[in-house]
Structure formats: C-alpha cells, structure tokens
Amino acid sequence: MEMTATPSPMREFLARTPVMPVLTIRDAAVAGDLAHALVDGGIEVFEVLMRTPAAADAISAMVAAEPKARVGAGTLLTPADVARAVDAGASFGVAPGLTETLGRAVRERKLPFLPGVATASEIMAALELGFEEQKFFPAHGAAAITWLKSVAGVFPNVTFCPTGGILAEHVDGYISLPNCTTIGCSWVVPADLVAARDWKAITALAAHAAAMRRA
C-alpha cells in the first residue's frame, strides 16, 4: 500500500557529516567517552548497531553525553527494534533493507529513517513508502560509485548513504556524486582503540573524517 511521504530531517542529518561512523558497542560504559571523542573531532552524526545487548544503553548514554549529536540506531529489522531505538533516544534509524511492516512502524513512531536498498526496484519500493533518503548496502568498497552515478538521473530526488567496506580512500569518490553526501563506515572507530580507550586517537580519526567535505 502506498503511503504519503512526510518531510524528514534525515537529509539534514546526512548533510552534517561526510562520514558517519558505524559503531558496534559491546560495553555501554565506554559510550559516553566515545561520543565525546567523536564530537571533539567534528563528527556529530553516528550510528550504533543494535546487534549487542549493550546497544540501547549505549545510545542513551551517548545522547546524554552529547545532546547536540544525532545518534542513530542501526540494524532495525522489526517494529520491536524500532520501539527499542525510540525508547533509547535514537535520533534516526537505519535498516539493511525494507518491508512495509517496518516502514509503517517507523512512520508511526515518527523516526527519521534510512532503509537499505541494493536495486532499482528496492529504491522504487522505498519511494512508495515515502523514503527519499536511502542506505545503499552493501557498497563493497568503491564498487558502487559507478552504480550510483547511473541511477542519479533516474532517481534525482533520492539521496544515498552507501555503507559496506568503504575505506578512507574511497570517500572522495562517493561524496563527489550529486546523490551522495555521506558514507557510513567503521574505520573511524577501530575496535582496538575502543578497547584501549584511546579517545585521543579516535578524535584524530574523526577530525580526518570530518575534513572530507565535498569540494
């Protein structure tokens, strides 16, 4: 069933950063310090994957530590996941794909949302549900750049956030595209630096990522 699109702040969130760190947090005790490290480096939009028992508490801790940040909840698969994300204080949600049930749940909770797409048909289905900001997944590093160029003319109103194996050296190729202002990645927050609580090193990586603005 087609649903009426409503204005979403999702595009504004994406425009705030060229690189959106994608975070797997296993210990909510580090979340506040991690949020400070990212914001100190100039990154105020990041995604916490809802794949660990600590994820919801981590989102709440990050929101409390850095109120101006926009903390997203990733890997939303069901309406229950959407409810957990909203209750944790997430500013937006991200999913690897999209179903009508999930789309309805997001709309009912008024949660800005990035549904995952990988084909033209999936882009069209997401548009029918009112989502003009979409996650291209998996991007397979730099492989999706040509594909995104190809669909720009067909879907001029869609802004994509590609994720999946995108390294620092790929970023310029993506954010130079007219339909891509932001990429999602994990390299800004390496697991070993989190384990070592090396917040200065993470702030330096965040500053490097924040400087990757569209020319």
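Reply: The strand to look at is β3, residues 70-74, and most of it is covered, with four of its five residues buried. Keep in mind that this is a predicted model.

Start with the pairing to strand β2, residues 45-49. β2 and β3 run parallel and are joined by five bridges.

The loop between β2 and α3 holds arginine 51. This arginine 51 has a relative accessibility of 57%, so it counts as exposed. From arginine 51 to arginine 26 the C-alpha to C-alpha distance is 9.0 Å, while in sequence these two are 25 residues apart.

Now turn to strand β4, residues 92-94. β3 pairs with β4 in the parallel sense, over two bridges. Here glycine 72 stands opposite phenylalanine 92 in β4.

A search for disulfides over the whole structure finds zero. Cysteine 180 is in no disulfide, and the nearest cysteine sulfur, which belongs to cysteine 161, is 6.8 Å away. A disulfide needs two cysteine sulfur atoms within 2.5 Å. Cysteine 180 has 0% relative accessibility and therefore counts as buried. For cysteine 185, the closest cysteine sulfur is again in cysteine 161, at 9.3 Å, which is too far for a bond. Cysteine 185 counts as buried too, because its relative accessibility is 4%. The cut-off for buried is under 20%.

As for the helices, α2 (residues 31-40) and α10 (residues 199-210) have axes that come within 7 Å and cross at roughly 40°. Because of that angle, α2 is oblique to α10. The crossing in which α2 passes α10 is right-handed.

To return to the strand, β3 has parallel pairing with β2 and also with β4.

How values were computed
Residues are numbered from 1 along each chain as its sequence is written. This is a predicted model: local features need pLDDT of at least 70, side-chain atom pairs count only at pLDDT 80 or more; totals for chains, interfaces and linings use all residues. Side-chain values use heavy atoms; hydrogens and water are left out. Buried means under 20% relative accessible area, exposed over 50%, partly exposed in between (1.4 Å probe, protein chains only). Two strands pair if DSSP finds at least two bridges between them. Axes are lines fitted to C-alpha atoms, for helices over the stretch in contact, and angles run from 0 to 180 degrees between N-to-C directions. Angles under 35 degrees count as roughly parallel, over 145 as roughly antiparallel, 65 to 115 as roughly perpendicular and the rest as oblique. A crossing is left-handed if the near helix is turned anticlockwise from the far one by less than a right angle, and right-handed if clockwise.
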